[in-house]
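I opened my notebook to look up a few things in this model. Here is what I wrote down, entry by entry.

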Amino acid sequence: MPPSNGPAEIAHDGALRDRLAHNLAGHDVRHHDSEGRKRAAVAVIVLDSDAELHGADPLVGGLNADQRRALLEDIPGAADDPTLTGDVEGTAGGASVLLTRRGSNLRGHRGQWALPGGRIDAGETALEAAMRESCEEVSLDLTVDDLLGRLDDYPTRSGYVISPFVFWLSGDREPVANPAEVASVHRVSLGELTRPDSPRFVQIPESDRPVVQVPIGGDLIHAPTGAVLYQFRAVAYDGHNTRVDELEQPVFAWS
């Protein structure tokens, strides 16, 4: 985990908005053909957060330390890392990215970390799908005026090509979880995404490709969400030409 005083807050202000938009405008987006896969889109929503108001993790609030650690049992490398606790308490504050935990009632990837998004419907563009899904999942009516840019397509092991779009949320719009799809909504600070120990890469016997892990508090975010967050940090915030489409997912995310 990060030090007890946590990473420094990054202000959610016009300078940050300009920085993200400038770096995304200079990024040469890598597109992937469907090749039999379904198309999906996700929204990376940058919004303000308060460490006290938005820092709780309701999923693990009633669990003891052993129960929290049990949440990590399928994660490669987690058993050898005593700093991992399985929760993201205390990771809000300043400019943040909106993350959700998927509902336990969903058919696939129950309880996993996700960005607002889903399958592209017939007749709509990837951008339209990202905005529609954000409204359906977290009650945010995003528009093209909120759009800062986009990141590379990410082909998943489960048969999708995901197109990520970056949005800037200002004003008094508040995300509200749709309980039919989302278990909880979290604001994870950009300070967490830019920790010096992020990202991590581990090898698994099932693949020659490295598994990417983005540490958030005492938990780890994996691809595809982790890959998108890593590229958002590297491209939009740091201004690097970083590709992530060859980074691997853990086996539990393959189906």
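**Helix 3**

I started with the buried residues of helix 3, which are A126, L127, A129, A130, M131, E133, S134, E137 and V138. Buried means under 20% relative accessible area, exposed over 50%, and partly exposed in between (1.4 Å probe, protein chains only). Helices (H or I, at least four residues) and strands (E, at least two) are DSSP runs, numbered from the N terminus.

I then looked up the partners of these buried residues: they pack against strand 1 (38–47), strand 2 (96–102), strand 4 (117–119), strand 5 (147–150), strand 7 (160–168) and strand 8 (182–189). Contact means heavy atoms within 4.5 Å.

I also checked the length of helix 3 (residues 126–138): its 13 residues should span 18 Å at 1.5 Å a residue, and the end C-alpha atoms are 18 Å apart, which agrees. The expected span is 1.5 Å times one less than the number of residues.

**Ground rules**

I noted that this is a predicted model, where local features need pLDDT of at least 70 and side-chain atom pairs count only at pLDDT 80 or more, while totals for chains, interfaces and linings use all residues. Residues are numbered from 1 along each chain as its sequence is written, and side-chain values use heavy atoms, with hydrogens and water left out.

**The whole chain**

I found five helices and 11 strands in the protein chain. Its C-alpha trace spans about 45 × 40 × 35 Å along the principal axes. For 255 residues, a compact globule would have a radius of gyration near 18 Å, and the chain has 17 Å, which agrees. That radius is taken over C-alpha atoms, and the globule rule is 2.2 Å times the number of residues to the power 0.38. Buried residues make up 53% of the 255.

**Helix 1 meets helix 5**

How do helix 1 and helix 5 cross? The axes of helix 1 (residues 14–25) and helix 5 (residues 225–237) come within 7 Å and cross at roughly 95°. I count helix 1 as roughly perpendicular to helix 5. Axes are lines fitted to C-alpha atoms, for helices over the stretch in contact, and angles run from 0 to 180 degrees between N-to-C directions. Angles under 35 degrees count as roughly parallel, over 145 as roughly antiparallel, 65 to 115 as roughly perpendicular and the rest as oblique.

I listed the residues making the contact: L16, R19, L20, N23 and L24 from helix 1, with F232, V235, A236 and Y237 from helix 5.

S139 has a positive phi of about 60° although it is not a glycine. I placed S139 in the loop between helix 3 and strand 5, and it is partly exposed at 38% relative accessible area. E35 has a positive phi too, near 50°, and lies in the loop between helix 1 and strand 1. At 66% relative accessibility, E35 counts as exposed.

I also found a cis peptide bond from S198 to P199, with omega near 0°. Another cis bond runs from A223 to P224, with omega near 10°. P224 sits in the loop between strand 11 (219–222) and helix 5.

**T156**

Is T156 buried or exposed? I found it buried, with a relative accessible area of 10%. Not counting residues up to four places away in sequence, T156 touches I162, P224 and Q249.
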